[in-house]
Amino acid sequence: MKYIIEHLEDEVWEWCILEYKHMSEVVGKENLIFTNVSKAEHHKISKYGEVHEESVRSMNLKNACLMEMVADKILEPSDAKKFDCFVFGGILGDNPPQGRTKVLHNLFDMRNLGQEQMSTDTAVLVTHMILNGKKLNEIKFQDTISLETNDGEEIILPYRYVVENGKPVLPEGLFEMLKNQEGL
Ligand SMILES: C[S@@+](CC[C@H](N)C(=O)[O-])C[C@H]1O[C@@H](n2cnc3c(N)ncnc32)[C@H](O)[C@@H]1O
């Protein structure tokens, strides 16, 4: 199964890199494709998957499914037989969501993972779990996590994360990156 991330941020930010690395660990570098990435930025993520400047919009993909919160149907394990690839918005969340993948709606079938906004790496992880046989309602989640920075400020991440061994599953290094960022 191929997982395609249509990068929709202005740049490949450090936060994106940590999420893209995490996805690559989950689905395997050979199954991960980043699209819509300017040539000058390919080097930042090429060790985590195949990188293309082209957008999925012009790739004429067959049997592709767009993962989209507002889709009518929930992703089911049986969808692994229907589709060859899954497309995600490479977007750092915004609250409320802006719906930046609307431009892709008429190109693909769509499935949701519930109505809560997940980080992109979480959406890839959950899709991978479901395609490997889990049902959405068998997965444990935490909505919103908070983190205290070095100067005592609280950072809230208002997204849905998978919980494993009692802890939210996050990209390695994300907490450290956010803790050390000034002005958050
Ligand atoms: C952080 S979300 C972005 C949502 C965003 N704020 C927007 O403008 O659309 C990044 C991507 O993860 C996937 N995703 C996140 N939550 C999802 C859900 N509940 N169901 C399906 N896909 C989801 C979608 O592919 C989405 O484009």
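Predicted model: local features only at pLDDT ≥ 70, side-chain atom pairs only at ≥ 80, totals over all residues.
Let's start with strand β2, which covers residues 32–35.

On one side of the story is β1, made of residues 2–7. β1 and β2 pair in the parallel sense, with four bridges between them. Look for I4, which stands opposite I33 in β2. To get from β1 to β2, the chain passes through helix α1 (residues 14–27), and this β-α-β crossover is right-handed.

## On to β3

β2 has another partner, too: strand β3, residues 50–51. These two strands run parallel and are joined by two bridges. I33 turns up again here, standing opposite E50 in β3.

## The largest pocket

The largest pocket holds about 470 Å³, and 26 residues line it. If you want to find its centre, head for M67, E68, M69, T101 and Q117, the lining residues that lie nearest to it.

What kinds of residues make up the lining of the largest pocket, by class? There are 10 nonpolar, 11 polar and five charged ones. Among the contributors are β5 (85–90) and α4 (120–131), each of which supplies at least two residues of the lining.

Notes. Residues numbered from 1 in each chain as written. Heavy atoms only, no water. Buried < 20%, exposed > 50% of the residue type's maximum accessible area, 1.4 Å probe, protein only. Pairing = 2+ DSSP bridges. Right-handed = clockwise from strand over helix to strand, strands pointing away. 1 Å grid on protein atoms, 1.4 Å probe; cavity = no way out; pocket = protein on both sides within 12 Å on 5 of 7 lines; lining within 4 Å. Points joined across faces, edges and corners; volume = space filled by probe spheres on them. Nonpolar A, V, L, I, M, F, W, Y, C, P; charged D, E, K, R; others polar.
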